[in-house]
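Welcome! Here is a short tour of the spaces inside one protein model, followed by a look at two of its residues.

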Amino acid sequence: MADAEESEQTSPVGILQDIFTSPLNLSLLGLCIFLVYKILRGDKAADFGEVEKPPPKLKRRDYTLSDLKPYDGVQNPRILMAVNGKVFDVTRGKTFYGPEGPYGVFAGRDASRGLATFCLEKEALKEEHDDLSDLNTMQQESLAEWETQFTHKYDYVGKLLKPGEEATEYTDDEDVKDKKTD
């Protein structure tokens, strides 16, 4: 009689019954199937459809506030914004800085005051040059942190000119030097 029970346990029907009646065994079976799938599938990159090709890198130049305005993601697909006197190409971050993004108000403008004061209202941004002299120490530190983040994440394309300031002549060597440090 013991032989009959033992043969029932080792038969394929008995093993399947043990696997499918225990939640723990079902979980382990599911995990094994998942791992085998991942091993066989490999590390293939997910296909997200057609990826938009980024526009070519801009040559370095200096910008006035009026030069920046068209680069708001609406008039021009490229998005530029100034932070603490530096102009950055933030086009690859268009989900944040594009017309529909949470920081879209800064596109094509000097965003320094808005970033320093954490104010996303258009009224907080000035239409003329803003010397930021009225910012307190904490706001100045915050602005410096934003500038550091932009420097590391986005392409620096030039500086924001103050009224009456002459534009700098950049050479192709400076662009090549930048590409080596990227």
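A cavity here is a set of points on a 1 Å grid over the protein atoms alone where a 1.4 Å probe fits but cannot get out, and lining residues have an atom within 4 Å of a point. Volume means the space filled by probe spheres set on the points, with grid points joined across faces, edges and corners. This is a predicted model, in which local features need pLDDT of at least 70 and side-chain atom pairs count only at pLDDT 80 or more, while totals for chains, interfaces and linings use all residues. Residues are numbered from 1 along each chain as its sequence is written, and side-chain values use heavy atoms, leaving out hydrogens and water.

Around the second largest cavity you will find Leu65, Asp110, Arg113, Lys126, Glu128, His129 and Asp130. By class, this lining has 1 nonpolar, 1 polar and 5 charged residues. Asp, Glu, Lys and Arg count as charged; Ala, Val, Leu, Ile, Met, Phe, Trp, Tyr, Cys and Pro as nonpolar; and the others, Gly among them, as polar. The largest cavity has a volume of about 60 Å³, and its lining consists of Leu65, Leu68, Lys69, Gly108, Arg109, Asp110, Lys126 and Glu127.

## An open pocket

The largest pocket has a volume of about 350 Å³. A pocket is an open set of points with protein on both sides within 12 Å along at least five of seven lines. Its lining has 14 residues, with Lys53, Pro54, Pro55, Thr91 and Arg92 nearest the centre. Of the lining residues, 8 are charged, 4 nonpolar and 2 polar.

## Two buried residues

Where is Asp72? It sits in the loop between helix 4 (65–68) and strand 1 (80–83); helices (H or I, at least four residues) and strands (E, at least two) are DSSP runs, numbered from the N terminus. Asp72 is buried, at 17% relative accessible area, where buried means under 20% (1.4 Å probe, protein chains only). Leaving aside residues up to four places away in sequence, Asp72 touches Arg78, Ile79, Pro99, Ala107 and Gly108, a contact being heavy atoms within 4.5 Å. The C-alpha atoms of Asp72 and Gly108 are 4.4 Å apart, although 36 residues separate them along the chain.

Ser112 belongs to helix 6 (residues 112–117) and is buried, with a relative accessible area of 1%. Beyond four places in sequence, Ser112 touches Ala82, Val83, Asn84, Gly85, Leu132 and Leu143.

Conventions
Buried means under 20% relative accessible area, exposed over 50%, partly exposed in between (1.4 Å probe, protein chains only).
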